[in-house]
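Here is a walk through one protein model, going from the overall layout down to single residues. Keep the viewer open while you read.

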Amino acid sequence: MKYQIDTIPVLKAYEKAVECPICNLKEKAEEAGIRYYLGHSVMVPEIRIKLNETGFCKSHFTALLNAEDSRLGLALMTHTRMLKVCQDMKKELSPGSLGGGYFDKKTKKLIEKIEKTEKSCPLCIEISQTLLRYSATIAWLWDNEPDFPEVLLNSKGFCHTHLPLIFATGADMLTRKKYTEYYQQIYNLQTREMNRMAEEIEWNTKKFDTTNKDASWGTSRDALPRAIGKLIGS
Ligand SMILES: [Zn+2]
Ligand SMILES: [Zn+2]
């Protein structure tokens with residue numbers, strides 16, 4: 001088994017009856033990661049050296065900025081990251097022979113470097129490792145915890161974005177035979193829940209029709225954000 005199994009947070013996420021437990025766990029992992037990077041980690045030299053090199057992706061830099069906690073910590077990190085970018089600019093972008101346009105050697109390298117930075121965000125990397133562990137835990141629970149298949153069956157499935165993660169870790173965790181069964185159950189569950197969400201959003205659109213003005217919303221009042229979350233994850 002190549003994943004560390006972590007059942008407590010996974011079972012807690014299932015108690016909440018959310019549209020996607022992996023999204024719920026991702027939010028928790030994100031909050032913890034943000035607290036970590038705004039806490040004492042800013043004073044740890046190895047972490048600072050790494051952060052000077054990578055910075056954060058746009059979404060996580062924004063989340064750090066919007067967090068109420070240590071503005072000083074974030075300012076310190078941002079300052080030394082900025083110094084590193086200035087240093088790299090001097091080394092890599094000083095004008096010399098220029099081809100011009102997007103195919104210019106320097107411009108191309110700069111684009112590649114910016115793309116690489118987005119992919120090397122430590123928060124993104126740590127969160128995706130955590131989610132691998134949690135997805136593997138779902139397969140482990142299904143295989144080892146007699147009550148869990150029923151919990152899974154009564155859940156709302158997953159968002160479409162996290163579905164490949166569930167399949168891939170299931171294949172890693174289970175024998176071929178068991179994976180076939182697991183895949184079939186997840187596929188049935190997901191089909192049922194995507195169709196249920198489609199019906200909820202459809203009723204939401206129909207409520208705009210004046211003839212349905214007095215009809216009950218049912219569960220569709222907040223269907224729009226849930227349907228978008230079901231498609232792209234939150
Ligand atoms: Zn999700
Ligand atoms: Zn990130």
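This is a predicted model: local features need pLDDT of at least 70, side-chain atom pairs count only at pLDDT 80 or more; totals for chains, interfaces and linings use all residues.

Residues are numbered from 1 along each chain as its sequence is written, and chains are lettered from A and ligands numbered from 1 in the order in which they are written.

Now the big picture. The protein chain has 11 helices and zero strands, where helices (H or I, at least four residues) and strands (E, at least two) are DSSP runs numbered from the N terminus. The radius of gyration is 23 Å, well over the 17 Å that the globule rule gives for 234 residues, so the chain is more spread out than a compact globule. That radius is taken over C-alpha atoms, and the globule rule is 2.2 Å times the number of residues to the power 0.38. Along its principal axes, the C-alpha trace spans about 65 × 55 × 40 Å.

How much of the chain is buried? Of the 234 residues, 19% count as such. Here a residue is buried if 20 or more other C-beta atoms lie within 10 Å of its own, exposed if 12 or fewer, and partly exposed in between, with C-beta atoms placed from the backbone. As for contacts between residues at least 6 apart in sequence, 74% join residues at least 24 apart; two residues are in contact if their C-beta atoms, placed from the backbone, lie within 7 Å.

Let's zoom in on helix α2, residues 21-38. At 1.5 Å a residue, its 18 residues should span 26 Å, and its end C-alpha atoms are 26 Å apart, which agrees. The expected span is 1.5 Å times one less than the number of residues. The buried residues of α2 include Pro21, Ile22, Cys23 and Tyr37, and the buried set packs against α1 (7-15), α4 (58-66), α7 (122-144), α9 (163-173) and α11 (223-232). Arg35 also sits in α2, but it counts as partly exposed, with 13 C-beta neighbours inside 10 Å. Its C-alpha atom is separated by 16 Å from that of Cys57, 22 residues apart along the chain.

On to the core. In soluble globular proteins, nonpolar side chains tend to be buried together. A nonpolar core here is a set of buried Ala, Val, Leu, Ile, Met, Phe, Trp, Tyr and Cys residues joined through C-beta atoms within 7 Å. The largest one has 26 residues, and those with the most contacts inside it are Cys20, Ile22, Ile138 and Ala139. Helices α1, α2, α7, α9 and α10 (176-206) each supply at least two of its residues, and the largest share, nine residues, comes from α7. Leaving aside its neighbours within four places in sequence, Ala139 is in contact with Thr169, Gly170, Met173, Leu174 and Tyr182.

Finally, the loops. Ala17, between α1 and α2, has a positive phi of about 50° although it is not a glycine. Ala17 is exposed, with 11 other C-beta atoms within 10 Å. Ser70 lies between α4 and α5 (71-93), and its C-alpha atom is separated by 7.2 Å from that of Gly39, 31 residues apart along the chain.

Beyond its neighbours within four places in sequence, His162 is in contact with Cys20, Ile22, Cys23 and Gly233.
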